[in-house]
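Welcome! Here is a friendly briefing on how some side chains in a protein chain meet one another. Take a look at the sequence and the structure first.

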Amino acid sequence: MSFVKEEISIIVSSDENTGAINKSLDGSRFEIQLDGDGLNIPKDAINVTVEVEEATIWWSIPNIITGQNDRFYVYGDSDDAVPVPQLYSLTIPQGLYDLSALNLAILSELEAAGARTIDGTGANLPLISMSADSSTQKVRLRFNYPNVYVDFSQPNTMREILGFNSAVYGPYAGAPVNVLADNTAQFNQVNYFLIHSDIVSKGVRFNNTFNQTIAQVLINVAPGSQIVSTPFNPARSEANDLAGNRRTNIRFWLTDDQDRSVNTNNENWSARIVIHYMRPLVIKH
């Protein structure tokens, strides 16, 4: 028996303006509803596979998340003529930060809260500052005054990203003092993305499990830029269950490399999916 190759292409997007439904609040999950005959692979089709030939994802997944790790507590003097020591409870806006940007955000919030910014000589000197120790991949936290301490024992602090334990650091009588974090910094919370769909029953094997993964998307752009993934040899997932089973609703979801749902920061993501199959060649006489 002879067979002929056929394929069906579908572009899916999480944009509700283009038809996505049941979109999750974090933007990682959505569904599409197919009108008419829907997705209808002939029941005599064989070797049905699904592949993602192109995907677009904005690399703006926040590593500082509201209500999870956006708090920073530091004790020190105010910027008054007669300094008043107090605990500053800072809330950093949700976003994707590197160490430099996070340091600037904390210093900006401290200044806005009225914390000390000038030393006894009139030079600009905030309560604390942070820098990178490149040889250890750790954060160096500098305490600029003897009465300053940072409290990472409070809930929802950013200590894990910075590499510090749940503890209070300081005060240090010998300030200024540099304190190296206990652990390596974890600013890169996502190593790559995984696209999943119930268009397949298993998908690509993930180590020794299957979780309906249909594509891996590597991060190869700077933060705030759009990833356009066009793999030279996209992975193919077996989808013989589609043969003879009409589908009118298909779900898609986006996770990180730990299979955790990601917060897309209100950005849409998309994929171009191609379904390949073979069907018997019918020759009419």
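How many salt bridges does the count come to? The count comes to seven salt bridges. Keep in mind that this is a predicted model. A whole-structure search also finds nine aromatic pairs. Let's walk through some of each.

**Salt bridges**

- Side chains of opposite charge can pair when their charged atoms come close.
- Glu 51 and Arg 236 form one of these bridges, and their closest N and O atoms are 2.6 Å apart.
- Glu 51 belongs to strand E3 (residues 46-58) and Arg 236 to strand E16 (residues 236-238), so this pair ties together parts that are 185 residues apart in sequence.
- Glu 51 has a relative accessible area of 5%, so it is buried, given that buried means under 20%.
- Glu 53 meets Arg 272 in a salt bridge, at 2.8 Å from N to O.
- This pair also links distant parts of the chain: Arg 272 is in strand E18 (residues 270-280) and Glu 53 is in strand E3, 219 residues apart.
- Arg 272 is partly exposed, with a relative accessible area of 28%, and Glu 53 counts as partly exposed at 25%.
- Another salt bridge joins the side chains of Arg 140 and Asp 133, again with a distance of 2.8 Å from N to O.
- Arg 140 counts as partly exposed at 25% relative accessibility, whereas Asp 133 is buried at 13%.

**Aromatic rings**

- Among the nine aromatic pairs, Phe 152 and Phe 164 have ring centres 5.1 Å apart and planes at 20°, so this pair is stacked.
- Phe 152 sits in the loop between strand E8 (149-151) and helix H2 (159-162), and Phe 164 in the loop between H2 and strand E9 (168-169), so the pair ties together parts that are 12 residues apart in sequence.
- Phe 152 and Phe 164 are both buried.
- Phe 152 also pairs with Tyr 169: their ring centres are 5.9 Å apart and their planes are at 75°, so this pair is edge-to-face.
- Tyr 169 lies in strand E9, 17 residues from Phe 152, and the pair links distant parts of the chain.
- Tyr 169 is buried, as is Phe 152.
- Ring pairs link Phe 72, Phe 152, Phe 164 and Tyr 169 into a cluster.

**A charge over a ring**

- Lys 202 has its charged end over the ring of Phe 210, 5.2 Å from the ring's centre.

Conventions. Residues are numbered from 1 along each chain as its sequence is written. This is a predicted model: local features need pLDDT of at least 70, side-chain atom pairs count only at pLDDT 80 or more; totals for chains, interfaces and linings use all residues. Side-chain values use heavy atoms; hydrogens and water are left out. Rings of Phe, Tyr and Trp (its six-membered ring) pair if their centres lie within 6.5 Å; planes under 30 degrees apart count as stacked, over 60 as edge-to-face and the rest as tilted. Helices (H or I, at least four residues) and strands (E, at least two) are DSSP runs, numbered from the N terminus. Buried means under 20% relative accessible area, exposed over 50%, partly exposed in between (1.4 Å probe, protein chains only). A charge sits over a ring if NZ of Lys or CZ of Arg is within 6 Å of the ring centre and within 35 degrees of the ring normal. A salt bridge is a side-chain nitrogen of Lys or Arg within 4 Å of a carboxyl oxygen of Asp or Glu.
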